[in-house]
Amino acid sequence: MTRRTFIKKVLKTSSVILGYMVWLGGKVLPRKFVKAVPGKKYPGRVEHLRSFTEQSEWSG
Amino acid sequence: MWCKLKVQCELCPKKCLIGPGQSGECRVRINIDGVLRTVVYGYPCSIHVDPVEKKPLFHFLPGSRILSMATVGCNLHCKNCQNWEISQANPEDSTAFPCSPQRLIALTKEANCPSLAYTYTDPIIYYEYTYDSAKLAKQAGIRNVLVTAGYINEEPWRRLLQYVDAANIDLKALSDEFYRDVCSGTLKPVQKALIIAKASGVLVEVTNLIIPTLNDKPEQIRDLCQWVKANLGGETPLHFSRFFPRYKMRHLPPTSLKTLDLAREIAMEEGLQYVYIGNILSKEGQNTYCPGCKKLLIERTGYTILQSQIKGGKCPDCDKEIYGIWQ
C-alpha cells in the first residue's frame with residue numbers, strides 16, 4: 001500500500017465514522033421544545049363550570 | 001424506537017429533560033411519543049372574579065374586578081406556597097373545567113370585567129393557554145394581567161409580554177441561596193424577567209413575601225429595595241406581604257406587623273415611591289400617597305377603595321404623574 005492510498009483510506013474511514021456520529025447524535029439527543037402542543041385529553045376529572053363570579057379562596 | 005424519545009422543554013430555566021410518558025417539574029408538560037404536550041391547555045382548575053387589589057395590583061384600574069384563572073402545576077416548589085393544593089397537584093389527581101380561550105374571553109365579558117388575570121399557580125407553566133387567551137383578550141379590548149414568579153426563559157417571555165398590560169412579579173429574596181433552598185429555583189432568571197417586563201412597557205408591581213428568619217433581616221430587605229430601585233426604577237410599586245405558616249413551613253410564625261412596617265420604612269428610605277404592606281390590615285401601608293406633595297391619593301381598607309383622588313393619572317394638588325394604568 002502506498003502512502004497516498006493509506007491516507008485516502010484513513011480519510012474515508014474517518015469521514016464515515018464522523019457521519020455516523022453526527023447521525024447518531026441527531027437520534028440520541030433530545031428534541032427541544034419551547035412551545036408545547038395541547039394534549040388530547042385532560043388526565044384528571046373534568047366537570048362543568050358552575051359558578052365563577054365569587055371571590056377566590058386562593059392567594060393572588 | 002428508543003431513538004429521539006427524550007424531549008427537552010426550553011420554556012423555563014429548568015430545561016427539564018423529559019423521558020417518554022414523563023412530565024417536567026411543572027407536572028403539566030408531558031412527553032407523549034416524543035412530542036411535548038401541555039395537558040392543561042383549556043382546562044383551568046379555578047376561575048373566579050376577584051378585586052384587582054387582591055393580585056395585588058394597586059396601580060392598575062383600582063376598584064375594578066378581574067376574572068382570575070389558573071390551571072394546576074408550577075415550575076417552582078416553594079416550601080411556603082399558599083396555594084400548594086393546586087400548584088403542587090398532579091393533573092391526574094385534580095378536577096378541571098373545559099374552557100377554551102374563546103370561552104374564557106366570553107366569561108370575562110359576561111362578568112363585566114375589564115381585565116383577565118392568569119394567576120393563583122403560575123401562568124408560565126400553562127404558557128400556550130395563557131398566550132392564546134391573552135392574544136384573543138387583547139383583540140377583544142380586555143387587558144391581561146400576569147401574577148407570576150417570573151421563572152421563564154427570555155424568548156418565550158418576550159413573546160408573551162407583547163399581549164400583557166400589567167404584571168405582579170414575585171421577587172422572593174435577593175439571594176440565590178434562598179431561591180435554591182426554599183423555591184427550588186435560581187435568582188438570576190427572575191431578575192432578568194423583571195427587567196425585561198419593565199423595559200417592555202408592562203406595568204410591573206413587585207411582591208416580596210417576608211418570611212421570619214429566612215429573608216426578614218433589615219440588610220436583606222435593604223439590598224432588595226436597592227436592586228428594585230436601580231433596575232426597575234423608584235416608581236415601581238413594591239408590596240411586602242405577610243407570611244403565614246403553610247405547606248412545608250408550618251414551623252415558622254406569621255410575619256409581625258413590626259417587621260412589615262420596618263421593611264416599608266427601609267424601602268422608602270431607599271427611594272421607592274410606592275410601598276405597600278399586604279396580607280394584614282395596616283392603615284398607611286395600604287394607601288397610595290403622592291411622592292411629590294405626600295397627598296393621600298388612594299385610601300384602601302383590605303381590598304376596598306374608600307376614596308381615590310387621582311385625576312387623569314395625576315395628583316390633583318401638585319400635578320405629579322402617578323405610575324400606573326388608571327383607566
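# A guided tour of the predicted model

Welcome! Start in chain B and select Asp50(B), Lys54(B) and Lys55(B): these residues are joined in a network of salt bridges. Keep in mind as you go that this is a predicted model.

**Stop 1: a cis peptide bond**

The peptide bond leading from Lys55(B) to Pro56(B) is cis, and its omega is near -5 degrees. Pro56(B) sits in the loop between strand 5 (46-51) and strand 6 (65-70) of chain B.

**Stop 2: salt bridges**

The count over all chains comes to 15 salt bridges. Let us visit some of them.

Select Glu128(B) and Arg29(B), whose side chains form a salt bridge with an N to O distance of 2.9 Å. Glu128(B) belongs to helix 3 (residues 127-139) of chain B and Arg29(B) to strand 3 (residues 29-32) of chain B, so this pair ties together parts that are 99 residues apart in sequence. Are these two buried or exposed? Glu128(B) is buried, at a relative accessible area of 3%, and Arg29(B) is buried as well, at 1%.

Next, pick Glu155(B) and Arg159(B), where the side chains meet in a salt bridge of 2.6 Å, N to O. Here both partners lie in helix 4 (residues 154-161) of chain B, 4 residues apart, which is about one turn of the helix. Glu155(B) is partly exposed, with 44% relative accessibility, and Arg159(B) is partly exposed too, with 22%.

Then show Asp170(B) and Lys172(B), another salt bridge, at 3.1 Å from N to O. Asp170(B) counts as partly exposed at 22% relative accessibility, whereas Lys172(B) is buried, with a relative accessible area of 14%.

**Stop 3: helix 7 of chain B**

Select residues 218-232 of chain B to bring up helix 7. How far apart are the end C-alpha atoms of this helix? They are 21 Å apart, which agrees with the 21 Å that its 15 residues should span at 1.5 Å a residue.

Now colour the buried residues of helix 7 of chain B: Ile221(B), Leu224(B), Cys225(B), Trp227(B), Val228(B) and Leu232(B). Around the axis they cover an arc of only 160 degrees, which puts them on the same side of helix 7 of chain B.

Step past the end of the helix and you reach Gly233(B), which follows helix 7 of chain B and has a positive phi, near 100 degrees.

**Stop 4: Leu260(B) and its contacts**

Select Leu260(B), which is placed in helix 8 of chain B. Leu260(B) is buried, with a relative accessible area of 0%. Which residues does Leu260(B) touch, not counting residues up to four places away in sequence? They are Ile210(B), Phe240(B), Ser241(B), Arg242(B), Thr255(B), Ile277(B) and Ile280(B). For a sense of scale, draw a distance from Leu260(B) to Ile105(B): the two are 155 residues apart in sequence and 37 Å apart in space, C-alpha to C-alpha.

**Stop 5: Pro123(B) in its loop**

Move to Pro123(B), in the loop between strand 8 (115-118) and helix 3 of chain B. Pro123(B) is buried, at 1% relative accessibility. Leaving out residues up to four places away in sequence, Pro123(B) touches Tyr118(B), Thr130(B), Leu146(B), Val147(B) and Thr148(B). Between the C-alpha atoms of Pro123(B) and Thr148(B) the distance is 6.5 Å, although the two are 25 residues apart along the chain.

**Stop 6: two residues with positive phi**

Find Arg27(B), which has a positive phi of about 75 degrees although it is not a glycine. Arg27(B) lies in the loop between strand 2 (17-18) and strand 3 of chain B and is partly exposed, with a relative accessible area of 23%.

Then go to Ser184(B), another residue other than glycine with a positive phi, near 55 degrees. Look for Ser184(B) in the loop between helix 5 (176-183) and helix 6 of chain B; at 29% relative accessibility, Ser184(B) is partly exposed.

**Stop 7: a surface patch on chain A**

Finish in chain A by selecting Met1(A), Phe6(A), Ile7(A), Val10(A) and Leu11(A), which make a nonpolar surface patch of about 540 Å². One of them, Val10(A), is found in helix 1 (residues 3-28) of chain A and is partly exposed, with a relative accessible area of 41%.

Methods: Residues numbered from 1 in each chain as written. Chains lettered and ligands numbered in written order. Predicted model: local features only at pLDDT ≥ 70, side-chain atom pairs only at ≥ 80, totals over all residues. Heavy atoms only, no water. Patch = residues over 30% accessible without salt bridge, like charges linked within 9 Å, V, L, I, M, F, W, Y side chains within 5 Å. Areas by Shrake-Rupley, 256 points an atom, 1.4 Å probe, with all protein chains shown as cover. Salt bridge = Lys/Arg side-chain N within 4 Å of Asp/Glu carboxyl O. Buried < 20%, exposed > 50% of the residue type's maximum accessible area, 1.4 Å probe, protein only. Expected span 1.5 Å × (residues − 1). Arc of directions from axis to C-beta. Contact = heavy atoms within 4.5 Å.
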